[in-house]
Amino acid sequence: EIRIGNSSCFAIPLGNGEKIRGYRATIIIADEYAQIPENIFQLVVQGFGIVAANPVKRAKQKAKLKKMIAEGLIDSSVLGQMRKNQIIYASTAFYAFNHLYKTKSLFQRIIDNKIRGNMRDYPDIFGNDASDSAVDYRDYAVCVLPYTEMPDGYLDEAAIRHAKLTMSDERFRMEYLCEFISDTKGFFKRSVIEACTPS
């Protein structure tokens with residue numbers, strides 16, 4: 001735990017998720033998201049950010065703004081400017097069959113299609129069983145930063161050369177070039193195993 005002024009930062013070991021329930025956060029940083037079990041993240045960690053930092057104060061503020069909008073004193077766009085809780089999914093790229101790729105791809109489609117509205121109105125993006133929930137593309141961002149885009153001198157070039165020498169091509173591409181590899185190169189490829197497995 002680190003405290004700076006009125007802010008607190010907690011680093012939490014996930015385990016199976018049972019011992020960390022009940023935390024609350026305005027910003028969640030899921031470091032190495034590809035390695036966090038998807039069900040633990042969805043059922044436990046994601047819930048940390050549901051409640052506002054000061055829920056009573058926020059509810060009063062929102063009620064006041066809505067009243068001002070109804071009276072024509074301010075524009076409804078101010079509601080979208082209220083501070084929102086955030087989740088940052090940070091990770092090294094991994095295989096394309098991992099939930100990180102699925103999450104990144106979904107966010108990218110939301111942004112590319114400038115989706116603003118109910119998820120059910122976009123079955124091609126969210127599927128036919130999408131929940132009745134609003135989405136706004138302005139709430140999302142995808143940042144990809146391969147080592148080749150870093151400022152000159154920022155990284156140790158000898159360390160990069162050593163990584164190229166000692167890592168497999170696919171591992172290097174995931175770790176340093178932010179590439180999502182579509183299949184494994186083992187004796188039995190992942191795609192072959194999945195094709196032989198009943199769904």
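**View 1. Strand 3 gives the most to the lining of the second largest pocket, with five residues.** The pocket has a volume of about 820 Å³. Of its 27 lining residues, Cys 9, Phe 10, Ala 25, Ile 27 and Ile 28 are the closest to the centre. A pocket, on a 1 Å grid over the protein atoms alone, is an open set of points where a 1.4 Å probe fits, with protein on both sides within 12 Å along at least five of seven lines; lining residues have an atom within 4 Å of a point. Grid points are joined across faces, edges and corners, and the volume is the space filled by probe spheres set on them. By class, the lining has 20 nonpolar, four polar and three charged residues. For that tally, Ala, Val, Leu, Ile, Met, Phe, Trp, Tyr, Cys and Pro count as nonpolar, Asp, Glu, Lys and Arg as charged, and the others, Gly among them, as polar.

**View 2. How far can you trust the picture?** This is a predicted model, where local features need pLDDT of at least 70 and side-chain atom pairs count only at pLDDT 80 or more, while totals for chains, interfaces and linings use all residues. Residues are numbered from 1 along each chain as its sequence is written, and side-chain values use heavy atoms, with hydrogens and water left out. The chain averages a pLDDT (the predictor's confidence in each residue, from 0 to 100) of 87, and 97% of the residues score at least 70.

**View 3. Glu 38 and Lys 102 pair up in a salt bridge.** Their closest N and O atoms are 2.8 Å apart. Glu 38 sits in helix 1 (residues 38-45) and Lys 102 in helix 3 (residues 99-112), so to speak two distant parts of the chain, 64 residues apart. A salt bridge is a side-chain nitrogen of Lys or Arg within 4 Å of a carboxyl oxygen of Asp or Glu, and the structure holds seven of them. Glu 38 counts as partly exposed because its relative accessibility is 22%; buried means under 20% relative accessible area, exposed over 50%, and partly exposed in between (1.4 Å probe, protein chains only).

**View 4. Arg 116, Asp 136 and Arg 138 are linked in a network of salt bridges.** Arg 116 meets Asp 136 at 3.7 Å, N to O. Arg 116 is in strand 5 (residues 116-118) and Asp 136 in strand 6 (residues 134-136), so the pair ties together parts 20 residues apart in sequence. Asp 136 also meets Arg 138, at 2.6 Å, N to O. Asp 136 is buried, at 16% relative accessible area, whereas Arg 116 is partly exposed, at 49%.

**View 5. Leu 106, in helix 3, touches Ile 125 and Phe 126.** Contact means heavy atoms within 4.5 Å, and residues up to four places away in sequence are not counted here. The C-alpha atoms of Leu 106 and Phe 126 are separated by 8.2 Å.

Definitions and conventions. Helices (H or I, at least four residues) and strands (E, at least two) are DSSP runs, numbered from the N terminus.
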